[in-house]
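Q: I have a model open and want to go through it piece by piece. Can you take some quick questions?

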Amino acid sequence: MTQDCIFCKIVAGGIPSNQVYADELVIAFHDISPQAPTHILVIPRKHISDMNEASPQDQALLGHMMLCASKIAADAGLAERGYRLVLNTGPDARQSVFHIHLHILGGRRLSGQMT
Ligand code: AMP
């Protein structure tokens with residue numbers, strides 16, 4: 001837990017979230033400002049600021065986040081039509097919350113642009 005991290009506070013239950021999934025390693029909840037009909041964030045319980053801070057020790061955790069995302073997307077009905085997974089790192093990517101999170105975006109035809 002990092003004192004000023006909003007996602008650590010969500011993990012700890014100090015800030016409410018619209019949670020869709022939780023296990024011993026990660027939680028997932030709806031984004032407060034959805035950019036698509038389905039916009040869910042998957043975050044580790046462990047505080048990792050961004051991908052620059054991730055280490056080989058986090059390999060299994062990062063893989064677990066990806067596999068949880070695919071299960072959550074399937075449960076949300078996105079498997080057939082597809083979805084996008086996004087993980088922003090740093091200012092050029094416009095990362096705004098410095099606790100790693102995987103965006104699951106789907107429910108409409110997304111832009112062909114990656115930028
Ligand atoms: P990023 O720009 O990749 O760092 O994404 C941060 C995301 O967190 C944004 O899409 C925000 O809308 C979302 N967000 C920020 N605060 C909350 C919150 N309290 N509950 C849910 N989503 C949030």
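Q: How far apart are D75 and K71 in helix α2, in residues and in helical turns?
A: D75 and K71 are four residues apart in helix α2, so about one helical turn separates them. Their side chains meet in a salt bridge at 3.0 Å, N to O. A salt bridge here is a side-chain nitrogen of Lys or Arg within 4 Å of a carboxyl oxygen of Asp or Glu. Helices (H or I, at least four residues) and strands (E, at least two) are DSSP runs, numbered from the N terminus.

Q: What should I know about the model before we go on?
A: This is a predicted model, where local features need pLDDT of at least 70 and side-chain atom pairs count only at pLDDT 80 or more, while totals for chains, interfaces and linings use all residues. Residues are numbered from 1 along each chain as its sequence is written, and side-chain values use heavy atoms, with hydrogens and water left out.

Q: How many salt bridges does the whole structure have?
A: The search finds two. The other joins K46 and D58, with the closest N and O atoms 2.5 Å apart.

Q: What does the K46 and D58 pair tie together?
A: Both residues lie in the loop between β3 and α2, so the pair ties together parts that are 12 residues apart in sequence. K46 is partly exposed at 41% relative accessibility, whereas D58 is buried at 3%.

Q: Changing topic: which residues have the most contacts inside the largest nonpolar core?
A: V26, V42, M65, I72 and I104, in a core of 16 residues. Such a core is a set of buried Ala, Val, Leu, Ile, Met, Phe, Trp, Tyr and Cys residues joined through side-chain atoms within 4.5 Å.

Q: Which elements give two or more residues to that core?
A: They are β2 (26-30), β3 (38-44), α2 (59-75) and β5 (102-106). Helix α2 gives the most, with seven residues.

Q: And what does I72 touch?
A: I72 touches V20, Y21, A28, I40, V42 and I104, leaving out residues up to four places away in sequence. Contact means heavy atoms within 4.5 Å.

Q: How many residues are in the second core?
A: Nine, in a separate core that includes C5, F7, I10 and L41.

Q: In what sense do β1 and β2 pair?
A: Strand β1 (residues 19-22) pairs with β2 in the antiparallel sense over three bridges; pairing requires at least two DSSP bridges between the strands. A hairpin of three residues joins β1 to β2, and A22 stands opposite I27 in β2.

Q: Now the surface. Which residues form the nonpolar patch?
A: M66, Y83 and L85, with about 240 Å² of accessible area together. Y83 is in strand β4 (residues 83-86) and counts as partly exposed at 30% relative accessibility.

Q: Where is R94, and what is its phi?
A: R94 is in the loop between β4 and β5. Its phi is positive, about 65°, although R94 is not a glycine. R94 is exposed, with a relative accessible area of 72%.

Q: Last one: is I32 buried or exposed?
A: I32 is exposed, with a relative accessible area of 86%, and is found in the loop between β2 and β3.

Definitions and conventions. Buried means under 20% relative accessible area, exposed over 50%, partly exposed in between (1.4 Å probe, protein chains only). Patches are made of residues with over 30% relative accessible area and no salt bridge: like charges are joined within 9 Å, nonpolar side chains (Val, Leu, Ile, Met, Phe, Trp, Tyr) within 5 Å. Accessible areas come from the Shrake-Rupley method with a 1.4 Å probe; for residues, only the protein chains shown count as cover.
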